[in-house]
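Take a look at the structure below. The paragraphs after it go through some of its features step by step.

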Amino acid sequence: MTDQATITMLLLLGAVWGGFLFLLGYALRREAHKKSEQQRD
Amino acid sequence: MSKAETFSSRWGMMLAMLSMAVGTGNIWRFPRIVATNDGGTFLIPWFIFLLLWSIPLLMIEFTLGKSMRAGPIDAFGKLIGSRFRWMGLWVAFTATAIMFYYSVVTGWCLRFLIASVTGEIPDAVPGTFWGAFEGSGQAVGTHLIMVAAAVALVYHGVRGIERVARILLPALIVLLIVLVIRAVTLPDAHRGLNFLFTVNWSDLANAELWLQALTQNAWDTGAGWGLVLVYAIYARAREDTTLNAALLGFGNNSISLLAGILVLTTIFSIQPDAATDIVGAGNNGLTFIWVPQLFAHIPAGNVFMAVFFLALLFAAFTSLVSLVELATRVLVDRRIPRRRAVLFVGGAGMLFGLPSALSPAFFNNQDAVWGIGLLLSGLFFTFAVLKYGARRFRIDFMSGGDSDLRMGRWWRYLVGFVFLEAIVLLLWWLSQTLSSEGWMQSLNPLSEWSLGTVLLQWGVLLVLFIWWNRRADRGKII
């Protein structure tokens, strides 16, 4: 692969797949937090 | 709303929504559109419109569905007044009109899965099998089977949809990953990756590229279709909307990228000289003519071809289910018992899908008319939020304690921008069509594809919908 294509691939996959994984991780943490709050109530 | 009428958990709901969003638009349309729009250059506006079109619309739909607990017609009515219910009817009808021919596409996937298992494809001459199948009695048969299967699932309610999504979506992702691993390990696969990820910066000035990027986002995320709105009706009472919408958009486009890598590395590895012909063959040509030819050149190609069509069938079927659910919900909101409504939608789907199953010209006409109709649906959603007040919408419905992602003041500018995008895009599409084909040709309403046929079908239905709205407001009809 050319250098330009490699860099673009890493940036785009990082943005889309990385963005998805970041949001998924955040959603998992929020859900766990909500569950623990519910149990406390 | 009883527990049986809500999704069992956030993840059950997200799987159902993602299985709705991931369809043939991701697996066959995305790779083709990327390839015909300069490869990597296209991916930049495509990512920008994920943020500036798809996710804001998904947030609006998600919030409306959960807050109003009604299908598109009554959701519009509750938000901005009953005299605007015709806009919701437009959204619902557009998705239902797509359902009428989408079941035909799903049937094609079923037939090609069977053919790849039995060894009927690939045959010696590319396109022979497809040519004999398209528009035949067999295409009608597979269309009827797929409508019946979707109806059987929706008949059992939202928990049935969730149960199937929990199996089919992970299976689809696993199948795609298996195929991608095979594709990127083919000889010269890097040529496909080079094409997919090389950016020609000067081409970003091309307006057509941006239009294609936006319409592709509308197609593959399902933003503005009303489907997320309908699934969000069944969200749990304290469910988040904003983060879920963003997660849905990013998840969907992640799968599009997987499909892009799969198809383009395979094409550039096996038939690099025919790459232009292959991607220029249209959605159907690429999938049903060239994919079998490509897999024929791979060791154990029949196995991978069957895996490809199985993945495609899963993607198409789960999207078809959501379209059937939307049409059913509209009838349920009109106080028709759910099970009777599902059967009615199934009967209508079988009947009104027949012309598309039998006639490729009719199929293409409907695909064009209602595909572009989605732009108008997106416009109506943003209009509704602006009419209600974007700031008020955010405070009333998006900023509660259940929200995992707080929207700032910029929300109103974002909604305004999406509204402008839809208007500019519609005007640009009108001017392009008129200038490229001339007034007489463009306005011919009987052509398979023309501005005239789009405007005639839109116009007739919009008049009917507004007339219905006025009669319904006076209590003369429901």
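Are B:Trp28 and B:Phe288 buried or exposed? Both residues are buried. Keep in mind that this is a predicted model.

These two residues also form an aromatic pair. The ring centres are 5.5 Å apart, with 85° between the planes. That makes the pair edge-to-face. B:Trp28 lies in helix α2 (residues 24-36) of chain B, and B:Phe288 lies in helix α14 (residues 282-296) of chain B, so the contact ties together parts that are 260 residues apart in sequence.

A second pair joins B:Phe76 and B:Phe381. Here the centres are 5.3 Å apart and the planes stand at 45°, so this pair is tilted. Again, distant parts of the chain are linked. B:Phe76 belongs to helix α4 (residues 72-80) of chain B, while B:Phe381 belongs to helix α17 (residues 360-388) of chain B, 305 residues apart. B:Phe76 has a relative accessible area of 1%, so it is buried. B:Phe381 is at 0% relative accessibility and therefore counts as buried.

Now widen the view. Over all chains, the structure holds 34 aromatic pairs. One aromatic cluster includes B:Trp28 and B:Phe288, along with B:Tyr101, B:Trp108 and B:Phe112, among others. B:Phe308 and B:Phe309 are also among its members.

Next, turn to two helices. Helix α5 (residues 85-118) of chain B and helix α15 (residues 301-333) of chain B have axes that come within 8 Å and cross at roughly 155°. Angles over 145 degrees count as roughly antiparallel, so that is how α5(B) and α15(B) are described. The crossing of α5(B) past α15(B) is left-handed. Their contact has 25 nonpolar residues, 6 polar residues and no charged residues.

The charged end of B:Arg392 sits over the ring of B:Tyr388, 4.0 Å from the ring centre.

Finally, consider the backbone. Most residues other than glycine have a negative phi. B:Ala300 has a positive phi, near 60°. This residue is in the loop between α14 and α15 of chain B. Its relative accessibility is 49%, so B:Ala300 counts as partly exposed. B:Arg335 is not a glycine either, and its phi is positive at about 70°. Its place is the loop between α15 and α16 (338-358) of chain B. With a relative accessible area of 72%, B:Arg335 is exposed.

Methods
Residues are numbered from 1 along each chain as its sequence is written. Chains are lettered from A and ligands numbered from 1 in the order in which they are written. This is a predicted model: local features need pLDDT of at least 70, side-chain atom pairs count only at pLDDT 80 or more; totals for chains, interfaces and linings use all residues. Side-chain values use heavy atoms; hydrogens and water are left out. Axes are lines fitted to C-alpha atoms, for helices over the stretch in contact, and angles run from 0 to 180 degrees between N-to-C directions. Helices (H or I, at least four residues) and strands (E, at least two) are DSSP runs, numbered from the N terminus. Angles under 35 degrees count as roughly parallel, over 145 as roughly antiparallel, 65 to 115 as roughly perpendicular and the rest as oblique. A crossing is left-handed if the near helix is turned anticlockwise from the far one by less than a right angle, and right-handed if clockwise. Ala, Val, Leu, Ile, Met, Phe, Trp, Tyr, Cys and Pro count as nonpolar, Asp, Glu, Lys and Arg as charged, and the others, Gly among them, as polar. Rings of Phe, Tyr and Trp (its six-membered ring) pair if their centres lie within 6.5 Å; planes under 30 degrees apart count as stacked, over 60 as edge-to-face and the rest as tilted. Buried means under 20% relative accessible area, exposed over 50%, partly exposed in between (1.4 Å probe, protein chains only). A charge sits over a ring if NZ of Lys or CZ of Arg is within 6 Å of the ring centre and within 35 degrees of the ring normal.
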